[in-house]
Amino acid sequence: RRPTLSSMHLYLLIRCYSCLTTTPYFSVITPAYNAAAYIGSALASVFAQAYDDFEVIVVNDGSPDTEQLEQAIAPFRSRITYIIQENRGAAGARNTAIRAATGKYLAFLDADDEWEPDCLRAHRDALRASDDPDVLYGDGHLFGSPEVEGKRMMACQPSEGEVTFESVVGGHCTVFESAAVASREMVQRVGLFEESLASAEDLDLWLRILKSGGRIAYHTNAVLRYRRHSDSLSADSVGLASNVVRVLQRSKALPLTQSEAALVDRRIAAVGASLEYYKGETALARGHWKLAAQHWTAANRVQRTARLWVMIGVLRVSPAAFSLMKQLRAHARRLLARARHVC
């Protein structure tokens, strides 16, 4: 005689199977390259979360500091998925993690940033309150550099009104990647991150999501501690501006309205002018006075500022006078900073 299962036994088996196959709500995505000095703090901030329905995927992107990196993540190895690959850049590392992820939402955290303890719970509550948008981001605090310590990210780059293609391109809404979560299904649908971009790949992704009919929302809870330091990709002004121009040019292949296309062209001109300005600063730092003047002249054709016009004029007349002007300006800034500190 075959044994039969009672309804209670069947119910318990189904519940056990369900527990074993339940997917996490969040998949935490962390690419790692030369990140040994910071990643321990980043992962500690993840495992200190008040909401714990998540998995963690760390991708070693062919990092030259692998030995130190693995020492730093050793306390967390039993609780993370650790993947090693040849260097493909941050976008390639994130794509590898996304392909391994099982969560409903992808939660991005760069290896040199940290989350506040209530980050994931604040995101979960805001997602439910906003009818599950495809992307959601919050605010954060800057740290790591004295001049920005403690400042709110949205105070520097506010988000105003609805998040649309035009508001993101126009700079009225800035999606902070390490403070963002995104639907895994939507990210996969639009083709993941663009790996040919060394930076600004997140901007490229947000624009594609918006033009595919996706919805992006935000809340103002400070969920992130965003580290500013000289080694970060965002500190490379020339490289970042170059890639933002590339992203804007790529966006012209999307199904844009006439007003969106016109805005993209204006932004390409504006960011291109900023790129010329940064190139001028780089040339100046290397002692190439004439080249610096050429880049700044190109920038001023768009920016048309009196300050830049004066700088170009002084630089062309006398590089020595320009150097003295910069020293006096730096001294004045130090005096002003000291006065503010006293107050």
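## Ser-251 at the end of helix 10

The side chain of Ser-251 places a polar atom 2.6 Å from the backbone oxygen of Leu-248. A polar contact is a pair of N or O atoms within 3.5 Å; within protein, one must be able to donate a hydrogen and the other to accept it, and residues adjacent in sequence count only if both atoms are side-chain atoms. Ser-251 belongs to helix 10, which covers residues 237–251. Helices (H or I, at least four residues) and strands (E, at least two) are DSSP runs, numbered from the N terminus.

The model is a predicted one, in which local features need pLDDT of at least 70 and side-chain atom pairs count only at pLDDT 80 or more, while totals for chains, interfaces and linings use all residues. Residues are numbered from 1 along each chain as its sequence is written, and side-chain values use heavy atoms, with hydrogens and water left out.

Ser-251 has a relative accessible area of 2% and is therefore buried (buried means under 20% relative accessible area, exposed over 50%, partly exposed in between, with a 1.4 Å probe and protein chains only). Leaving aside residues up to four places away in sequence, Ser-251 touches Phe-165, Leu-207, Leu-256 and Val-264; contact means heavy atoms within 4.5 Å.

## Helix 11

Helix 11 runs over residues 258–285, and its 28 residues should span 40 Å at 1.5 Å a residue; the end C-alpha atoms are 41 Å apart, which agrees. The expected span of a helix is 1.5 Å times one less than its number of residues.

Val-264, a contact of Ser-251, is one of the buried residues of helix 11, which also include Glu-260, Leu-263, Ile-268 and Tyr-277. An α-helix has 3.6 residues a turn, so residues three or four places apart point the same way. Gly-287 follows helix 11 and has a positive phi, near 85°.

## Partners of strand 8

Strand 8 (residues 216–227) pairs with strand 5 (residues 114–115) in the antiparallel sense, over two bridges. Two strands pair if DSSP finds at least two bridges between them. With strand 6 (residues 135–143), strand 8 pairs in the parallel sense over eight bridges.

Arg-225 of strand 8 is the bridge partner of Glu-114, and Arg-227 of strand 8 stands opposite Phe-143. Arg-225 also lies over the face of Phe-143, at 4.0 Å from the ring centre. A charge sits over a ring if NZ of Lys or CZ of Arg is within 6 Å of the ring centre and within 35 degrees of the ring normal. In another such arrangement, the charged end of Arg-79 sits over the ring of Phe-47, 4.2 Å from its centre.

## Aromatic pairs

Rings of Phe, Tyr and Trp (its six-membered ring) pair if their centres lie within 6.5 Å; planes under 30 degrees apart count as stacked, over 60 as edge-to-face and the rest as tilted. The count comes to 13 aromatic pairs. The pair of Tyr-25 and Phe-26 is edge-to-face, because the ring centres are 4.9 Å apart and the planes stand at 90°. Tyr-25 and Tyr-51 are also edge-to-face, with centres 6.4 Å apart and planes at 85°.

This second pair links distant parts of the chain, 26 residues apart: Tyr-25 is in the loop between helix 1 and strand 1, and Tyr-51 in the loop between helix 2 and strand 2. Ring pairs link Tyr-25, Phe-26, Tyr-51 and Tyr-105 into a cluster.

## The whole chain

The protein chain holds 14 helices and eight strands. Of its 343 residues, 45% are buried. Among contacts with a separation of 6 or more, 72% are between residues 24 or more positions apart.
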